[in-house]
Amino acid sequence: MLALALAFPSFDASSAERAAERAAEQPVAAVDLLPEGQDVSSTVIELAGWVVASKDSQGYPFAVIDKASAQILVFGGDGRLRGAAPGLFGSAVGDHTAPGVAGLALREIPGRDRTTPAGRFVGGYGPSIDAGRVLWVDYESAVSIHPTATGVPAEKRVERLASATPDDNRVTHGCINVSPEFYEQIIRPTFERGGVFYILPDEDSLADTFPEFAQSRVTSQRGGKRARSARR
C-alpha cells in the first residue's frame, strides 16, 4: 500500500527527479492503517511529489488529505512518508467555509455547512475554548485534527473509521478525525511544531484549489509530449 505512495512521479525538473529518488529510498517502515486493498490515488501521489520537489512546505512536515477516499498521508519535513490512515470528514460534501461558521456551536451549524474545506493550510497546535490544546488545520474556519471520540454513540464514528470503505466516513461537523493510535503515533509528534495541510477538493477543480501544482502537471504533460515526438 505505502509503496505506491513512495513512487512519486518524475517531473521534468531535475529537482523533482532527485526528490522522487530520495522518497523511493526510504524503507517501508511508516505506519500503514489504510484498509487492506485500498489504493492511494495518483493525484495524491503526484501532489505529495510536487510538494517535496517544489519545497512548497518550506521544510515543514505536511499531510495530503483525500476526502473522497477518506485518506490521510503524513510526511516529515524531509519528505519521507511517516504514515497513512483513514479519516472522518465533514458530513456535507463541499469545499467552502460558510461565513461565521467558526463562531457557532456545533448544534447550530446547518447541515449544508458541515464541510471540510479544501486547500492549502498552514496549521499548528493552539488553544481552543472547549477542547484544550488542539491541532488546528485552519483556525479561521475552526477545522482541526483530533482523535475519534465516542461522544455521540448514534454517529458510530469508531465503527465508520474502522470500515473498509470510505462511503461512510462523512459524519463530522467539519473537523478531521483519525484513530487515537494514529494520532498519538504519527499526528502529534509530526506536527508538534506545526505543518502544512493539503486537502483535496470534493467539487472544486485542482486548478482553483492548488493552481501552482495544477500548472506543474500541465507543464510536465507538455514536456512529455515533446519528448515522445522527438523519438519518432
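**Figure 1. The largest nonpolar core of this predicted model has 23 residues, and those with the most contacts inside it are I145 and I187.** A nonpolar core is here a set of buried Ala, Val, Leu, Ile, Met, Phe, Trp, Tyr and Cys residues joined through side-chain atoms within 4.5 Å, where buried means under 20% relative accessible area, exposed means over 50%, and partly exposed lies in between (1.4 Å probe, protein chains only). The elements that each give two or more residues to this core are strand 2 (62-66), strand 3 (71-75), strand 6 (119-127), strand 7, strand 8, strand 10 (176-178), helix 5 (180-190) and strand 11 (195-199), and the largest share, four residues, comes from helix 5. Helices (H or I, at least four residues) and strands (E, at least two) are DSSP runs, numbered from the N terminus. Leaving aside residues up to four places away in sequence, I187 touches V74, L135, I145, V178 and F182, a contact being heavy atoms within 4.5 Å. A second, separate core of 22 residues includes V44, L47, A84 and V196.

The model is predicted, so local features need pLDDT of at least 70 and side-chain atom pairs count only at pLDDT 80 or more, whereas totals for chains, interfaces and linings use all residues. Residues are numbered from 1 along each chain as its sequence is written, and side-chain values use heavy atoms, with hydrogens and water left out.

**Figure 2. F182 has its place in helix 5.** Is F182 buried or exposed? With a relative accessibility of 0%, F182 counts as buried. Not counting residues up to four places away in sequence, F182 touches V31, L33, I72, V74, G83, A84, A85 and I187. F182 and P86 are 96 residues apart in sequence, and from C-alpha to C-alpha they are 9.4 Å apart in space.

**Figure 3. The largest pocket holds about 1,100 Å³ of space.** Rolling a probe the size of a water molecule over the atoms shows where empty space is left. On a 1 Å grid over the protein atoms alone, a pocket is an open set of points where a 1.4 Å probe fits, with protein on both sides within 12 Å along at least five of seven lines, and lining residues have an atom within 4 Å of a point. Grid points are joined across faces, edges and corners, and the volume is the space filled by probe spheres set on the points. The lining of the largest pocket consists of 44 residues, of which L106, D130, A142, H146 and C175 lie nearest its centre. Strand 7 (133-138), strand 8 (143-147) and helix 4 (157-162) are the elements that give two or more residues to this lining, and strand 8 supplies the largest share, five residues. By type, the lining divides into 24 nonpolar, 13 polar and seven charged residues, where Ala, Val, Leu, Ile, Met, Phe, Trp, Tyr, Cys and Pro count as nonpolar, Asp, Glu, Lys and Arg as charged, and the others, Gly among them, as polar.

**Figure 4. S144 is found in strand 8.** S144 has a relative accessible area of 5% and is therefore buried.

Figure 5. Most residues other than glycine have a negative phi. A142 is not a glycine, and yet it has a positive phi of about 60°. A142 counts as partly exposed, at 27% relative accessibility. K156 also has a positive phi, of about 50°, although it is not a glycine, and K156 is found in the loop between strand 8 and helix 4.

**Figure 6. A search of the whole structure finds six aromatic pairs.** Rings of Phe, Tyr and Trp (its six-membered ring) pair if their centres lie within 6.5 Å; planes under 30 degrees apart count as stacked, over 60 as edge-to-face and the rest as tilted. The rings of W50 and F213 have centres 5.8 Å apart and planes at 55°, so this pair is tilted. The pair links distant parts of the chain, with W50 in helix 3 (residues 42-54) and F213 in helix 7 (residues 211-230), 163 residues apart, and both W50 and F213 are buried. The rings of W136 and Y139 have centres 5.1 Å apart and planes at 85°, so this pair is edge-to-face. W136 is buried, with a relative accessible area of 13%, whereas Y139 counts as exposed at 54% relative accessibility.
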